[in-house]
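Please examine the sequence and the model displayed here before reading the explanation.

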Amino acid sequence: MSATHIQLDSQGRLLHFLTIEGLTHRHLTDILDTAESLRGVAERRVKKLPTLHGKTVVNLFFEASTRTRTTFELAAKRLSADVLNLNIATSSAVKGESLLDTLHNIEAMQCDMFVMRHSQSGAAEFMARHVKPHIAVLNAGDGCHAHPTQAMLDVFTIRRHKPDFPSLQIAIVGDILHSRVARSLIHALSILGAGNIRVIAPRTLLPAQVENLGVQVFHRLPEGLRDVDVVVMLRLQRERMEGALLPSEQEFFQQYGLTEERLALAKPDAIVMHPGPINRGVEIDSRVADGPRSVILEQVTNGIAVRMAIMSITLGHHARLTGEDA
Amino acid sequence: MRMVIQGGRVIDPAHQTDSIADLFIADGQIAGLGRPPGGFIPEQVINAHKHIVCPGLIDLCARLREPGQEHKATIASETRAAAAGGITTLVCPPDTDPVIDEPAVVEWIRRRAKFAGQARVLTLGALTHRLRGGHLTEMAALQEAGCAGVSDGGHPIASSRVLRRALEYAATFGLTVFLTPLDPELGNGLAHEGQVATRMGLSGIPVAAETGMIARDLELIRDLGVRVHFGRLSSSRAVDLIARAQAEGLPVTADVAVHHLHLTEMDLTRFDSRCHVRPPLRGLRDQAVLRAGLASGVLTALCSDHQPHEPDAKQAPFGDTEPGISGLDTLLGLSLRLVRDGVLPLPALIERLTWGPARILGLDRGHLGVGARADICVFNPETDWRVEPSVLNSQGQNTPFLGWELQGRVTYTLLEGHIVHEGEG
């Protein structure tokens with residue numbers, strides 16, 4: 001993708017945060033460094049910064065979510081923004097209203113930022129094309145396309161443990177086909193120069209020509225885990241069984257579930273990650289999820305600082321754009 | 001009314017005519033080419049110097065949205081767009097609402113088209129009741145009512161048993177069967193299964209969704225002797241399958257939509273819903289083979305696959321939008337671009353837009369022989385124009401070709417000798 005992507009202004013600064021694809025090393029390290037400096041806020045007695053004071057952030061979730069929505073809400077509140085949560089997934093009243101109508105209605109409430117999750121790929125980009133210029137759109141997950149804030153918190157977590165990306169071997173395991181987390185993480189790791197990115201899955205859960213994303217493909221877990229520094233497990237949705245993609249959860253766990261025994265094939269200091277919510281006994285054994293190598297809860301904590309960073313960077317650029325003080 | 005179209009380059013592929021000549025028209029029919037018939041005194045003279053004079057275009061697949069979806073377009077609005085585009089015959093698939101599965105609907109559409117008077121509208125009857133793939137329609141009655149053939153109407157029949165029976169029954173009455181090969185389950189996706197769909201997280205439609213259906217259908221028709229036309233091929237392997245079947249002597253033909261010859265999966269990269277079509281835009285190699293298939297004559301017709309939409313139908317995230325491109329306005333211009341791209345010479349192109357589809361339909365149209373109905377298109381091949389909303393005649397403005405610079409503008413369209421469109425060359 002070229003530099004003229006809608007999420008960037010003419011100087012290449014982030015106006016929205018829609019996808020990792022097409023961003024530069026500089027964009028990513030700016031976010032990571034900003035997040036690092038914001039991480040300390042949570043340890044203060046007063047966990048607030050005035051950065052977004054007087055701004056209104058709308059969480060627009062067309063798909064159910066607890067963790068992502070909550071961490072976005074906390075991030076906005078720690079930056080002193082007002083937060084409005086709209087869970088449209090559960091509101092049948094909205095049925096029949098088009099996304100554009102919803103957008104214009106919320107716009108009319110004079111908001112400054114939309115955090116949006118939607119089941120259709122490209123939904124966040126669609127939103128960004130239609131919002132008024134002072135509004136920033138953050139993609140909190142669109143279909144199977146992208147989940148860029150998750151990818152940023154993942155690489156943030158990796159960097160805190162293993163800062164030398166070129167030397168890293170990272171394995172992403174499970175339902176790559178339907179995973180926006182995997183797609184965004186692959187882009188982020190490539191941009192940061194990760195040494196070797198692997199995907200491990202049965203053929204039914206891999207998208208066509210996935211190797212073109214710059215990954216090495218493995219179908220067998222033990223082979224793929226050998227000597228990796230980071231293991232990222234993906235959540236397996238129950239409905240995959242009905243779509244004839246897998247025979248059973250049991251067989252999936254036997255072939256692709258992460259157990260202590262299999263983790264032993266990775267480097268001794270390998271870390272284990274998962275975007276959550278985890279299915280214990282389906283993709284990951286409890287002893288691994290709760291074990292010493294797991295950084296799963298740390299990911300959740302880091303998610304707040306990373307989202308604070310992305311919110312302040314994008315709204316900061318909007319402030320410059322509209323002539324306000326940043 | 002007697003008329004002469006003077007000094008144009010007359011291209012009539014059916015008679016291998018390509019020469020500068022005068023074309024004479026009397027009583028709605030072609031009266032002569034080159035020399036006037038005895039005692040001919042024209043009442044009207046059309047100057048066609050530097051213009052191409054060819055049979056009116058025949059578009060094998062155009063949704064007019066009436067009856068049932070008049071908020072998208074109407075027979076009146078779309079036949080007007082057809083006339084402005086040099087198209088004199090439109091073939092309307094049966095997926096209207098109500099479905100064209102009984103004579104009353106055929107009659108109703110014919111009357112509406114006649115009232116509009118801008119283009120001839122032919123209908124394809126449904127193969128099965130409500131296009132549901134279960135019960136056969138009364139095909140003989142549909143034929144008597146005037147249907148040009150029978151079709152799955154974009155809803156391929158999943159059951160091989162039902163399709164086999166439908167083919168046999170259609171063959172009984174000598175009806176040509178128009179099929180759109182896309183496996184309903186395997187084809188239930190948004191984009192060509194490949195690297196673009198993978199990057200964008202759009203569900204993929206594998207090539208096998210198309211070729212699997214074609215392979216099955218070809219085996220089913222092998223001993224039936226039924227004429228089958230496959231509409232809107234999208235992949236190189238589909239072209240190969242049709243070519244092989246034709247070489248074996250099976251009575252099969254196929255067409256391609258003109259947008260598949262100009263766009264590929266790469267055009268989806270910005271989630272551009274105007275490029276959301278079924279079958280999906282595929283890879284560059286597929287496009288090259290489709291172009292070659294049109295040139296070699298494996299594909300004997302080029303159509304618009306016209307699907308006009310209201311703006312709301314395309315104003316949503318990609319997967320929530322309706323598929324289809326509004327194509328009547330750009331059919332000729334995009335087709336002529338193939339000549340400029342060196343895909344095939346102009347007379348061959350004209351053939352794929354006139355005599356080719358006429359033969360598929362089994363009609364004595366699409367040519368300029370003496371006595372033929374005077375359906376004529378006169379266009380200036382040199383006129384540059386830019387595709388912009390203001391120049392589109394269709395009620396549907398959903399075209400990804402906005403902003404394209406095309407060449408070739410229709411100056412006159414004649415329907416049975418009557419001028420139905422007069423434009424600036």
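Predicted model: local features only at pLDDT ≥ 70, side-chain atom pairs only at ≥ 80, totals over all residues.

Residues are numbered from 1 along each chain as its sequence is written, chains are lettered from A and ligands numbered from 1 in the order in which they are written, and side-chain values use heavy atoms, with hydrogens and water left out.

Consider the interface. In chain B, 18 residues are in contact with 26 residues of chain A, contact meaning heavy atoms within 4.5 Å. Together the two chains bury about 1800 Å², of which 52% is on carbon and sulfur atoms; buried area is the accessible area (1.4 Å probe) that two parts lose on being put together, summed over both. Of the area that chain B buries against chain A, 39% is supplied by Thr198(B), Arg199(B) and Arg270(B), more than by any other three residues. Between the chains there is one salt bridge, a term for a side-chain nitrogen of Lys or Arg within 4 Å of a carboxyl oxygen of Asp or Glu. Arg199(B) forms a salt bridge with Glu21(A), with the closest N and O atoms 2.7 Å apart.

Aromatic rings come next. Over all chains, the structure holds four aromatic pairs; rings of Phe, Tyr and Trp (its six-membered ring) pair if their centres lie within 6.5 Å, and planes under 30 degrees apart count as stacked, over 60 as edge-to-face and the rest as tilted. Phe24(B) and Phe40(B) form an edge-to-face pair, 5.2 Å centre to centre with 75° between the planes. Phe24(B) lies in strand E2 (residues 17–26) of chain B and Phe40(B) in the loop between strands E3 (29–33) and E4 (44–47) of that chain, so the pair ties together parts 16 residues apart in sequence. Strands (E, at least two residues) and helices (H or I, at least four) are DSSP runs, numbered from the N terminus. Both Phe24(B) and Phe40(B) are buried: buried means under 20% relative accessible area, exposed over 50%, and partly exposed in between (1.4 Å probe, protein chains only).

Two single residues complete the account. His276(B), in the loop between strand E14 (252–257) and helix H8 (284–296) of chain B, counts as buried at 5% relative accessibility. Thr204(A), by comparison, is partly exposed, with a relative accessible area of 35%. Thr204(A) lies in the loop between strand E6 (196–200) and strand E7 (216–218) of chain A.
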